[in-house]
Amino acid sequence: MDVLQLDVSGRPQAWITAREAAVIYASDGVAWTLGDPMQVLRGGIQRATGRQSVITVHSIIAVRGAVPSRAWRQSPALSNQKLFVRDRQICAYCGGHFHVDDLTREHIVPTSRGGADSWMNCITACKACNGRKGSRLPEEARMTLMYLPYVPSLHEDMILRGRRILADQMEFLLASVPRSSRLHT
């Protein structure tokens with residue numbers, strides 16, 4: 001399981017391994033922790049005391065230091081995996097729930113007509129609906145969107161990355177996700 005790394009103000013930064021977190025602990029870089037201890041790492045025996053070094057890694061750690069504010073103004077990178085999770089694997093046209101292999105990234109305004117490859121122009125569609133719409137606008141194909149696209153927040157993006165998330169990590173992330181997000185249902 002991965003550790004959720006935050007900056008000192010509580011904004012998510014990355015998913016890191018327990019070993020990477022242990023390096024931060026050992027260098028006194030952890031400002032505070034949340035969640036349950038998830039792993040205990042044991043080191044060597046100290047010659048002077050005869051005691052073994054132990055680092056208890058928590059599921060959520062905040063790292064000392066500042067992060068440039070511009071790093072938080074960017075929207076998360078768009079990928080099919082994250083798009084399908086955002087849209088709960090539901091086709092925006094027919095409303096059917098599909099396996100990932102049967103889904104496509106659908107551009108509301110086709111790229112051939114100047115549409116952007118962005119969160120606000122992309123939705124999840126089944127292959128049949130995507131083929132039926134083709135390079136037309138939804139109105140031209142007489143197809144209605146069942147839900148609207150949106151740009152995920154930083155906290156939503158951490159959930160959308162598809163990791164196995166522990167309950168305390170999910171609780172922390174969901175606390176900052178808007179109630180209107182499809183991730184709450």
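**The strand pair.** I began with R42, which stands opposite V54 in strand β4. Strands β3 and β4 pair in the antiparallel sense over 10 bridges. For me, two strands pair if DSSP finds at least two bridges between them. Helices (H or I, at least four residues) and strands (E, at least two) are DSSP runs, numbered from the N terminus. The hairpin of β3 and β4 has six residues between the strands, and there G50 takes a positive phi near 75 degrees.

**Ground rules.** I am working on a predicted model, where local features need pLDDT of at least 70 and side-chain atom pairs count only at pLDDT 80 or more, while totals for chains, interfaces and linings use all residues. Residues are numbered from 1 along each chain as its sequence is written, and side-chain values use heavy atoms, with hydrogens and water left out.

**Helix α5.** Which residues of α5 are buried? I found D168, Q169, F172 and L173 buried in this helix, which spans residues 167-174. Seen down the axis, they fall within an arc of 135 degrees, so they line one face of the helix. The arc is that of the directions from the helix axis to the C-beta atoms. On the other side of α5, A167 and E171 are exposed. I call a residue buried under 20% relative accessible area, exposed over 50%, and partly exposed in between (1.4 Å probe, protein chains only). The buried residues of α5 pack against β1 (3-7), β2 (12-16), β3, β4 and α4.

**Salt bridges.** Side chains of opposite charge can pair when their charged atoms come close. My search of the whole structure found nine salt bridges, each a side-chain nitrogen of Lys or Arg within 4 Å of a carboxyl oxygen of Asp or Glu. I noted these:

- R64 bridges to D28, with the closest N and O atoms 3.8 Å apart. R64 sits in the loop between β4 (52-63) and α2 (80-86), and D28 in the loop between α1 (18-26) and β3 (30-45), 36 residues apart. R64 is partly exposed at 46%, and D28 is exposed at 53%.
- K133 meets E106 at 2.7 Å, N to O. This pair links helix α3 (residues 127-133) to strand β5 (residues 103-107), 27 residues apart. Both K133 and E106 are buried.
- R113 meets E140 at 2.6 Å, N to O. R113 lies in the loop between β5 and β6 (122-126) and E140 in the loop between α3 and α4 (154-160), so the pair ties together parts 27 residues apart in sequence. R113 is partly exposed at 42%, as is E140 at 39%.
- K82, D157 and R161 are linked in a network of salt bridges.

**R86.** Is R86 buried or exposed? It counts as buried, at 0% relative accessibility, and it lies in helix α2. Its side chain joins that of D87 in a polar contact of 2.7 Å. Such a contact is a pair of N or O atoms within 3.5 Å; within protein, one must be able to donate a hydrogen and the other to accept it, and residues adjacent in sequence count only if both atoms are side-chain atoms. Leaving aside neighbours within four places in sequence, R86 is in contact (heavy atoms within 4.5 Å) with residues including W119, C122, Y150 and R182.

**From the record.** UniProt places "domain: HNH nuclease" at residues 80-131, in an unreviewed entry. UniProt positions are in the numbering used here, feature names are shortened, and annotations may be inferred rather than shown by experiment. Over residues 80-131 I get 23% helix and 19% strand, with the end C-alpha atoms 17 Å apart.
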